[in-house]
Amino acid sequence: MSFSVIISLIPILPLLGFTIIALSGRKLPHGLASTLACGSVLVSFILSVVLFVKLLGGAPAFEVTLFPWISAGSFNVNFAFLVDPLSSLMLLVITGVGFLIHVYSIGYMHDDAGFNRFFSYLNLFVFFMLLLVMGSNYLLMFVGWEGVGLCSYLLIGFWFKNQDYNKAANKAFIMNRIGDLGLIIGVVLIFMNFGSINYADVFPKAGTVGASAITLITILLFVGAMGKSAQIPLYTWLPDAMAGPTPVSALIHAATMVTAGVYMVARNNALYSLSPMAMELVLVVGLITALFAATIALAQNDIKKVLAYSTVSQLGLMFVALGVGAYSSGIFHMATHAFFKALLFLGAGSVIHALHGEQDIRKMGGLKKYISVTYITFLIGVLAISGIPPFAGFFSKDEILAHAFEKSPVVWGVAVLASLLTSFYMFRLLFLVFFGKERASEEKIKHIHESPSSITIPLMSLAVLSVVGGFMGIPEILGGNNWVGRFLSPVFAAAPESEVAPLSHGTEYALMGAIVLLTLVMIALAYSRYVSKNHVPVPEGEPLAAAHKTIYNKYYVDEIYDAIVVKPLFWLSKLFDIVIEKSGIDKAVNLLGDAVNDWSGIFRRLQNGSLGYYLFVMVIGVIVMIAFSYTLK
Amino acid sequence: MLTALLLFFPLLVSVVVLAMKPAQARSIAFAGAVLELVLSVYVALQFDKSQLDQFGLNKEWISTLGISFSIGMDGISLLLVLLTTVLIPLIVLSAFKDTERPASFYSLIMLMQSALIGVFTAKDGFLFYLFWEIALIPVYFICLVWGGENKGKITLKFFIYTLTGSLFMLVALIYLYFKTPGHHTFAIQSLYDAGRALEASQQTYVFFALFFAFAIKMPIFPLHTWQPDTYTVAPVQGTMLLSGIMLKMGIYGVIRWLIPVVPQAVQHWGYLAIILSVVGIIYASCIAIVQKDFKRLIAYSSIAHVGLISGGLFTLSIVGLQGAMVQMLSHGIVVFGLFYIIEIVEARTKTRELAQLGGIRNVAPILASVFLVIMLGSVALPLTSGFIGEFLLISSLVQYKLWIGAVAGLTIILGAVYMLRTFQKSMLGETNGVTALLTDLSGQEKLVLFPVVVLVILIGVYPTPLLSISEVAASNLLSLFSDLSASVK
């Protein structure tokens, strides 16, 4: 098989899976539908591994052009794919984690009436996600970008009988569209400045375009990233997106889609590196988001909401990495995060499954002895996200923090604070769910059972990845050689080397040690509060202290947006409709008509006023004219 | 000759249908419309994409007045003819069997087709005007006779409004006619030459007279107030004709009978047209958000979409012009599909109030899925037909002026707001007393809607054949402006 066929098949297979399942509808037996869906992603994964191995062996990046897509004047864009180390790594994560989540869904969605529909959407999602990372130009990336947004919309509102879920789906789509407008304008500006929107044409010429144009372009692209990767101010859709089935939260709203913004900024490193202002913006937004979302997560009581805010926070951390120019660190953390966050979500799904739909951690507790596989794998996920060595999150997070320290101790301080909060709320979650007394009803406890193997096997696989995933980027000071950084280096070669001198080994050891130590302190604090003292968050409706109440209510950001954007838009629309349209323009038109009508009263006697009569005369007139014209010849 | 065949064949069908018994009228009309479609596809395959006018016919007609029967097609005409020949059979098929007085109804639709093709192919100013007015007659009667509540008053307003616009056009055309040298003529090239030779102030008068007529037809803000009422009250086939094809007469008019006639004035006043168009996008989108009637909502969304088309068109760039072409086709198909879905829902539930609908997806999943795909076309999701045009048009406006492009681009957000809301209110949620017993698509309805779904995706994935049809004609039109700037230097 030639490489162009392999590359084309990677996205086509999931598309085929979607098409078959979607068109055959409910007729297709569930077993067949899920086999098709899982199988197509598995084969794509295997093919991605083939490409990965080739690239590992030093092969140059692959490019395949399928057909010309849009052409208007000098604007030409092809359906063309690019597989370089960056997209190759993304392919592995998308198809690998994607496959595990497909398998998980077989068990999780087992009794759902929309089983086939669910798998068709999942496959469609994988297709678009693959387009996003494989496109060799901005517009094809945009196709994937909006396509995954569509799938996200469809899957958040998967249980469409519930209008609250549908509202969450609409919110996700519309908020993403706000970002997309920035992105698409950025793409047009790229075309205007570079005369092309192919990566291969744009990046080498990055230095030839004026600094202000580059800054404008990169900021507009980043607006797109804010929407897709849920950064301040466009993040509020992601916690609401938890309305979707849990495998969706794992795949789309944690592991893959929401990292698209990180991918996109990293892909455009050649442009971002030329604009200190844009880099500064990426850094600041990432930093604020990381801390802000972490504080909200401290006070949430819905197991999925905690994980959702944690995702927002972790994405912020990835943008911090990009903002300080440590692109490969950002991608490294993206990969490890995909492992442990998918694991955590799937683990949460297993808990929810065991408790028949319960998501409130105040009604859990003491579950470790009932569902031990879920407990152990969840624990691994928590250790990984908290950055305990040697779990995956330790290496990737440490790398980001080290680069942050190179940039400035303040940046480092804020990022460390966000990390420490993360370990606190994650252990809070772990302790409240699995430790202490059972708080679920006896009825539920009686029926509690460990999930089937289609659920536990993906959990264990992801647990293994969350343990060993970090080894791809062991830093030199710990005896590694940062393999992932070297693998990605061709993609980030255009980005200039960091001007700041790298840290001395002594500093690096000291920082690492301090962070691990502080993390252990946070865990101890969480332990003493939630295990030793058996603290349980107060039930709904009981008064809270002011600060607690503010973060419990997510700083009222949704309410603020509603007051300053949603309601005004509605009022403006009403104003247009009732005042300007009906009482303004249309009334003026009617008045003008009436005026002419009155004025022409004098002439009216000449005519009988029947419109039908006029038309009749007109048609006759036309026919006579045509007839007349032929007699002339 | 092929153009003449395309033009007169529907007229023949129209006459034949009139003589038919009610029971046969629909099948004969449908057969005729399909034959016409086959013919137009044949013509498209014969079309040489590297050339301008083809399949022409030029006969002297009223030679004393310099009027000739001159028709022909370049790529721009061909695409609009194709839009007409694709939509008419679907429109015929979409009419339910129990239409009153079917013979006259289908006869009028076929007459309409003939007139529309005449508009899109006329190469003589007088002939163009003639077809332009003839096209109004069938749709007027369709709305008047088969329309809904309050039809008399609303249809009259529509008629007078557009007729007023046409009068301005007629005056402009006659003015140009008298500016032609020697024995006056309505031949298109002579009118072009006469128009371009005018002084700036004279060009301005001609520009506004023509623009007024075309702007009403599209319609462009603030000349649009006839449209929502007419679309809402018209029988659905009338609405489909008006929105799917007839509004493209206005855009086509700008391309063929405004831009090349008074290019300097277009360059000078295009800014105004763009501003009005972009204001219309935002204004109509906002109004769509608060509509309660499904049909009226789509009527306003149509104003927004047309605003984007005309805005992009007046940037006088190849990207804008090609975007306008492909968006005209996409909009025609999408809006046809949307109005048909509304009709299907209304026929089953007797209501178009969004507040009364809901949960239809539970009982009619195929209907809901078809609506979903067409809606995605409407909100311009990539890989649907709507994206190609909308991207090119927004792109042209951004290149024209960044802030104008950014404001026009708000359509991708506002469009999502009102369309997702509509989908949610009608299709999602639990069923209620009104929708609980709704049945899914019938065979005939699938036959109408599946081609729409296929076209929405096909054009979105592979628009190249369409874009290449109009490429030469579009760049030829714009070469006028490079010539202009060259002559100034």
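Chain A puts 44 residues into its contact with chain B, and chain B puts in 49 residues. Two residues are in contact if their C-beta atoms, placed from the backbone, lie within 7 Å. This is a predicted model: local features need pLDDT of at least 70, side-chain atom pairs count only at pLDDT 80 or more, and totals for chains, interfaces and linings use all residues. Residues are numbered from 1 along each chain as its sequence is written, while chains are lettered from A and ligands numbered from 1 in the order in which they are written.

On the side of chain A that touches chain B, α6(A) gives the most, with 13 residues. Helices (H or I, at least four residues) and strands (E, at least two) are DSSP runs, numbered from the N terminus.

Chain B has 19 helices and 2 strands. Its C-alpha trace spans about 70 × 55 × 45 Å along the principal axes.

Contacts join 39 residues of domain 1 of chain B to 38 residues of domain 2 of chain B. On the domain 1 side, α10(B) gives the most, with 11 residues.

Both sides are listed by class. Ala, Val, Leu, Ile, Met, Phe, Trp, Tyr, Cys and Pro count as nonpolar, Asp, Glu, Lys and Arg as charged, and the others, Gly among them, as polar.

| Side | Residues by class |
|---|---|
| Chain A, touching chain B | 26 nonpolar, 10 polar, 8 charged residues |
| Domain 1 of chain B, touching domain 2 of chain B | 26 nonpolar, 10 polar, 3 charged residues |
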